Amino acid sequence: MITCASLWKDNYRELALVTTPNKRRYAEKYGYLTHLVEVPSKSDIMFVKVEVILGAMKAIKTGDWVWFTDCDSVITNFGKDVATLTYDDHLRDPAGIIVS
């Protein structure tokens, strides 16, 4: 199982209203989970990314993957499953992280 994770601050909320549904639709198509979080505006975004990824990892079973994608990205090719971009052997390994 792959979890698509992303975060944004309040100054990116308007953009997140566009990109977050895109990520949800993609995740639903492939049966993935989502962990999409608005973080406090005073947060240091670089450190909060790590916290969000760790939160997503805690929410899933061992052996699964977290795919972190920034708020300002959209998925344009719904015909390509992100799982095909990982090595098959790694999908059986303990939790991994995909960052895009």
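Start your tour by selecting Lys9, which is buried, with a relative accessible area of 18%. Here, buried means under 20% relative accessible area, exposed means over 50%, and partly exposed lies in between (1.4 Å probe, protein chains only).

Before you go on, note that this is a predicted model, where local features need pLDDT of at least 70, side-chain atom pairs count only at pLDDT 80 or more, and totals for chains, interfaces and linings use all residues. Residues are numbered from 1 along each chain as its sequence is written, and side-chain values use heavy atoms, with hydrogens and water left out.

**Stop 1: around Lys9**

Lys9 sits in the loop between S1 and H1. Such labels come from DSSP runs, numbered from the N terminus: helices are H or I with at least four residues, and strands are E with at least two. Now show what surrounds Lys9: leaving aside neighbours within four places in sequence, it is in contact (heavy atoms within 4.5 Å) with Glu38, Val39, Pro40, Ser41, Ser43 and Ile45. Pick out Pro40: it is 31 residues from Lys9 in sequence, yet 6.2 Å away in space, C-alpha to C-alpha.

Next, click on Ser43, in the loop between strand S2 (33-38) and H2. Is Ser43 buried or exposed? At 16% relative accessibility, Ser43 counts as buried. Not counting residues up to four places away in sequence, Ser43 touches Lys9 and Val48.

**Stop 2: the largest pocket**

A pocket is found on a 1 Å grid over the protein atoms alone, as an open set of points where a 1.4 Å probe fits, with protein on both sides within 12 Å along at least five of seven lines; lining residues have an atom within 4 Å of a point. About 160 Å³ of space lies in this pocket; grid points are joined across faces, edges and corners, and the volume is the space filled by probe spheres set on the points. Strand S1 (2-8) and H2 each supply at least two residues of the lining.

**Stop 3**

Then select Cys4, which counts as buried at 1% relative accessibility. How many disulfides does a search of the whole structure find? The search finds 0 disulfides, a disulfide being a pair of cysteine sulfur atoms within 2.5 Å.

**Stop 4: aromatic rings**

Show the rings of Tyr26, Tyr30, Tyr32, Trp67 and Phe78, which ring pairs link into a cluster. Rings of Phe, Tyr and Trp (its six-membered ring) pair if their centres lie within 6.5 Å; planes under 30 degrees apart count as stacked, over 60 as edge-to-face and the rest as tilted. The whole structure has 5 aromatic pairs. One of them joins Tyr26 and Phe78 edge-to-face, at 5.4 Å centre to centre with 80° between the planes. This pair links distant parts of the chain, 52 residues apart: Tyr26 in helix H1 (residues 13-30), and Phe78 in the loop between strand S3 (65-68) and helix H3 (88-91). Tyr26 counts as buried at 2% relative accessibility, whereas Phe78 counts as partly exposed at 24%.

**Last stop: the whole chain**

Zoom out and colour by secondary structure to see 3 helices and 4 strands, running β-α-β-α-β-α-β from the N terminus on. Buried residues make up 39% of the 100 residues.
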